[in-house]
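Hi,

Here is the structure I said I would pass on. Have a look first, and my notes follow below.

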Amino acid sequence: MGTSDDATWVAAARDGDRTAFGWLYERYARMVHGVLLAKVPVGDVDDLVQDVFIRALRRLSTLRETASFGAWLATIARNVAHDYRRGLVPEEPLPDDASDQEIQCRTSGGDQDCPSAAILEAVMSLSETYRETLILRLVEGMTGPEIAARTGMTHGSVRVNLHRGMEQLRAKLNAGPSRVRPEQEKS
Amino acid sequence: MDTGDNRTENRPPIESNDYLWDRSGEPDPEIQHLEALLERFRHDSPTPAFPEIVPERQWAFFPWRRRLFPALATAAVGIAAIVAVTLLVYRTKPTPSTLAGWNVSGVRGTLRIGQKTIGGKEGTSRLVIGQMLETDSQSRASLQADDTGKIEVDPGTRLRLLSMGSGLKRIALDRGTIHTYIWAPPGQFVVDTPSAVTVDLGCAYTLQVDDSGAGMVRTSLGWVGFKLNGHESFIPAGAACATRPKVGPGTPYFEDASAEFRSALARFDFEDTASRQRARDVVIVLSETRKRDALTLWHLLTRVDDQQRVLVYDRLSQLVPPPAAATKEEILRLDQPMLDLWWNELGFDDISVWRHWERSWAGTATPVREK
């Protein structure tokens, strides 16, 4: 399914078809989740995903290039993350059932008991461009062509981001957990 | 020097059988391991119940009310008729909120739109075509147009909205700093500065202009085109490019390049030095070049003299082999289609997007001066 399908579903959603909007959510939620995860703490991402889709829903009538829905939605997600970081999106307290282990893992860095958290931290230390694309690939499980189709990026950009990002990630992981720190890229 | 025999050296695999790209070919155990560990952070929430979507046309008159309240409907029709007649007779000018433009919100401090002073407590304002927005040394604001993007305006900035058509949205940045996040199709959002025209090619970027008219663009996502009178630069994510009045765009570079590289490039671009010094600066740039600095070398090809062009060609060939379709002679005589093919080999975005913009908007690459 391609952008022409998106245009059809976007048109239906504009006409009030909630099933169509649900289809768009199913198709794009992973992309939005990944874009947000590259920029905000993992515990807040799910709430912000909904915020992104609510904003999109409200503004859907203003989208002229319906075939560009993915790129438009990705930009809304980046804006929501940007607003979050500027403090415009109020932070809500974590729910009671939030996993203590997950929170510890999120903050423990190179803790050997939480290798996934340490790897996510290493990914988060990469430059923003590589971070977003790698998260879409490694966390959300999307392929390069899927990332390009959902975000509106070109295949070339996605491919370069994946390979350069992976090179940097390998370097950080090979340097050992204690040295997983943000650092300048060197080719 | 190597002139391009080893065409795949230091380049990401671009054919099939690339597990990282599309999971084709031999699985990479390291990537599989990372996928397995990171999968726990993946999106797995069910589709929520979204609020009802009300299409705009349903906001027209509600027919059931007319049936239930005929008097009310009659009165409303009468009022509408009076308003229509009034509009026809007096040809009232449209209010700013109905004109094409950008919504101005998030105002901190006090700024000026046209002749009006705006404070943070006044909610959303509107910047319409022909108006100027000016922040003082303390104030800032956000501009947003739903079909175009968002612009954060820093203190000490003056900009003007020049056009807001369906195909081209254009502002002029006279001075100050803006941070743009554009979702309009590539090539539709253009910013004039005193020393170059900035063309969004699907990206987020920061653009600064100082009081002398000199500018600097830093791209954080996608890429940007910088152009003045045929002198063009392409700036992908992570790169920057300066401009100077009467000179135009300099050569783009990645900001993590060495200090020697950046200094030599700045002298080459903007200082009126003797040809021997310029040649020395090119040699310094070439000696400090890393693979990703192919960006800079590709631009230098068209900016150096014939003798230096051979050196630049050789170094660029080592970093990113030229396309099979291009000969060295074609590149050295600056055959544009061949240069474009080589650009596409660098791993940034496809240059055809830019060429399409040039064809569509030929003649717009001269900054619109303040009236």
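Let me start in chain B, where strand 7 (residues 149–153) and strand 9 run antiparallel and are joined by five bridges. Strands here are DSSP runs of E with at least two residues, helices are DSSP runs of H or I with at least four, and both are numbered from the N terminus. Two strands pair if DSSP finds at least two bridges between them. One such link is Val153(B), whose bridge partner in strand 9 of chain B is Ile178(B).

Before going on, some housekeeping. This is a predicted model, so local features need pLDDT of at least 70 and side-chain atom pairs count only at pLDDT 80 or more, while totals for chains, interfaces and linings use all residues. Residues are numbered from 1 along each chain as its sequence is written, and chains are lettered from A and ligands numbered from 1 in the order in which they are written.

**More on strand 9 of chain B**

What else does strand 9 of chain B pair with?

- Strand 8 (residues 158–164) of chain B pairs with strand 9 in the antiparallel sense over six bridges; Met164(B) stands opposite Lys169(B) there.
- Strand 10 (residues 189–193) of chain B runs parallel to strand 9, with four bridges between them, and Asp192(B) in strand 10 is opposite Ala172(B).
- Strand 12 (residues 204–209) of chain B is antiparallel to strand 9 and joined to it by six bridges. Here Tyr181(B) has Ala204(B) as its bridge partner.

**Where the two chains meet**

The contact takes 57 residues from chain A and 41 residues from chain B, where two residues are in contact if their C-beta atoms, placed from the backbone, lie within 7 Å. On the side of chain A that touches chain B, helix 2 of chain A gives the most, with nine residues. The residues on that side of chain A divide into 21 nonpolar, 22 polar and 14 charged. For these classes, Ala, Val, Leu, Ile, Met, Phe, Trp, Tyr, Cys and Pro count as nonpolar, Asp, Glu, Lys and Arg as charged, and the others, Gly among them, as polar.

**Helices 2 and 7 of chain A**

The axes of helix 2 and helix 7 of chain A come within 8 Å and cross at roughly 130°. Axes are lines fitted to C-alpha atoms, for helices over the stretch in contact, and angles run from 0 to 180 degrees between N-to-C directions. Helix 2 and helix 7 of chain A are therefore oblique to each other (under 35 degrees is roughly parallel, over 145 roughly antiparallel, 65 to 115 roughly perpendicular, and the rest oblique).

In this contact, Met31(A), Gly34(A), Val35(A) and Leu37(A) of helix 2 meet Glu132(A), Ile135(A), Leu136(A) and Val139(A) of helix 7. Those residues divide into six nonpolar, one polar and one charged.

Is Glu132(A) buried or exposed? Glu132(A) is buried, because 29 other C-beta atoms lie within 10 Å. Leaving out residues up to four places away in sequence, Glu132(A) touches Gly34(A), Val35(A) and Ala38(A).

Cheers

Terms used:
Buried ≥ 20, exposed ≤ 12 C-beta atoms within 10 Å, placed from the backbone.
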